[in-house]
Amino acid sequence: MSNVAIRVEGLGKQYHIGGRQEHYRTLRDTLTDAFVAPFRRAGYLLRGQATGAAELNETIWALKDVSFEVKHGEVVGIIGRNGAGKSTLLKILSRITEPTEGYVDLYGRVGSLLEVGTGFHPELTGRENIYLNGAILGMKRAEIERKFDEIVAFAEIERFIDTPVKHYSSGMYVRLAFAVAAHLEPEILLVDEVLAVGDAQFQKKCLGKMSEVAGEGRTVLFVSHNMAAVQGLCGSAMWLDSGRIIGWGEPENITSSYMQSTVSVSTEQIWVDIEKAPGNEYVRLRRASVKAQNSGFSNGAISMLTPIVLEFEYWNLVPGMYLNLSLHVYNEQGVLIFNTAPVHESNWHGKPFPAGLFCSRCYIPPYLLNSGMHRVKLLVVQDQARVIYKHEDILVFDVADSAETHGSWFGKWPGAVHPRLEWQTELISNVEE
Amino acid sequence: MTSRAGSLTESQVSPPSQETVDAQPLVHIEPSRGWASLKLRELWEYRELLYFLVWRDVKVRYKQTVIGAAWAIIQPFFTMVVFSLFFGRLANVPSDEVPYPIFSYVALVPWTFFANGLSQSANSLVGSANLIKKVYFPRLVIPISSVLSGVIDFALAFLVLLGMMLFYGIVPTVNIVWLPLFLLLALITALGAGLWLSAMNVQFRDVRYAIPFLIQFWMFATPIAYPSSLIKNELLRALYGINPMAGVVEGFRWALLGTETRPGPTIAASSLVALALLIGGLFYFRRMEKTFADVV
């Protein structure tokens, strides 16, 4: 028994890019071409061939050989880096653009939240825009009338319903736009990054609405860069890369392998040849690495839950030096989160280093770093006072978001760190008794 | 919101899949080849969207203007004044025994409707690029709505025409019953040409700059400032109808002012050409439609 909602078979979409590569060799060629080309293009145009304003020969497959099935009631997250074909896929499914090959069968009414507020007219009032936008999204007039009050209540704009939307704050505007779109009741819902809009509270509302839709047994395709949301909301995940599906399955597995693949920024560096290794006449580096401490856990990916170990191997070239390393850890915004040095280290700290190869490890406990990219600057310090060597961005690593740290909230926690702190709440006195 | 619990149980009892077991898909998407069908049925299903877009255009058109809808009258009226001065007074262009001002104004009213409809529909797709890239609906709705929304302006200008007829003491003939058909002919012509141009405009923005020229040439090729009765040969005058607007203008004069020229053959030729323009435009538009979202 089939209960397929979406069937996609061998889907491909080709785009034309770039311009002509040939060069004009003579002025005569150039002139002839200048005269002939418009006519040739007019010829293409009248024959209905889709060439651009320039002659376009180079093509790119935004999607290629994509086949999958989604059952009714499934919520599928689509992940992949920019340009992987996620939006193209949604555009084909919502019939905005045509595929070049393959086919799609949709068993149910499709609604898309590719961008909220499409077709809003600034001069029209909120009321008028609800009708206009509803009609654009494919709602019948009677349907809009029935849901009108609900939409207004959801958007929280009762007082301004008869004000032209150009006077709305951007928050009100987005709320109204999302409210209309959210009250479209399609059997298949396509969502593209709506979570990127609005403030944190509104994002929560959007996600709530989405899980509600999913709970009602409707089908949702959800494109997102928010791994935590994909893990929390989706029953399965699809990983697109260069227009092909390269992963499909449990959201946890797919998102973590995706994260690993994208964030191979600079988690390990090795310099075999001591002569060419970074350093100077005092010290030379041999190796730097960052990894999750117990690698069996979560495929070795670094997440907010994993303890992290930073490891540095280096040659001390001058005997009798009092050395220590010092690490500066910066987040995506370039904020220095902390500086650490092995002042409590018991083996070698405060002792003269003989010439030789050393290895220093720094352990970062779990539930400390916030999600996102982190950069490490390494300093080599002599006598705890003089910096004899420094290396910017010696390690760059990403801390993956994790659904577990979120509770019901899927956005990124603000702040430089996200420690798990003890909390306690007590009832001091109960006024009802 | 209270219905949520209800719909939840409902979907558990009969999930949507039950209804569509091995059923035909609701929507089948595949690359279209060659000349696509017109899908007029789908267009009909989206008639409410068409209505709302026309309504939006009408509502928004004269927002943030000082004299508002008066613009709908000023355009043809002042052109009439200029024409009367230069062609009527100075050049003494004949006007079929009718006072020149009303002779030219009766032609300028449908002409203005046509010219605005044509230029607005030709630019409509490019102007709605945002919509085209984000939402699916039959794209035909866009140029059609921009032609239709001009009907309001036409009605306003037409009221002035009635006032002028009163002023000159001209009683319309019974032929006035044909007037809606002539308006329809103007609409078909504007839409037909608008479909071609709007689809081309998506690919070649040259169209945008060509439109004002086109309209200007077309205006002089249409008997607005002069009567088509200048052409004495009956056959040639019928051939004049190859410009559908010639048929429209002569039809308006005949129906309202009772001018002597019998416009029958001209209008027949005009209708044929206008229909050909429209049907060709529809097919061309549908053929180009699939690339709109990628190119616009």
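Guide: Let's start with one pair: A:Leu325 stands opposite A:Val380 in β16(A). Before going further, a word on ground rules: this is a predicted model, where local features need pLDDT of at least 70, side-chain atom pairs count only at pLDDT 80 or more, and totals for chains, interfaces and linings use all residues. Residues are numbered from 1 along each chain as its sequence is written, while chains are lettered from A and ligands numbered from 1 in the order in which they are written.

Now back to the strands. Strand β13 of chain A covers residues 323-331, and β13 pairs with β16(A) in the antiparallel sense over nine bridges. Strands here are DSSP runs of E with at least two residues, helices are runs of H or I with at least four, and both are numbered from the N terminus; two strands pair if DSSP finds at least two bridges between them. Elsewhere along that pairing, A:Tyr330 stands opposite A:Arg375 in β16(A).

Strand β16 (residues 372-382) of chain A also pairs with strand β17 (residues 386-399) of chain A, again antiparallel, over 10 bridges. Here A:Leu378 sits across from A:His391 in β17(A), and A:Val381 faces A:Val387 in β17(A). The two strands form a hairpin with three residues between them, and A:Asp383 in the turn has a positive phi of about 55 degrees.

Zooming out, chain A has eight helices and 17 strands. Chain A is divided into domain 1 (62-262) and domain 2 (268-405), with bounds from an automatic or database domain assignment. The C-alpha centres of those two domains of chain A lie 42 Å apart.
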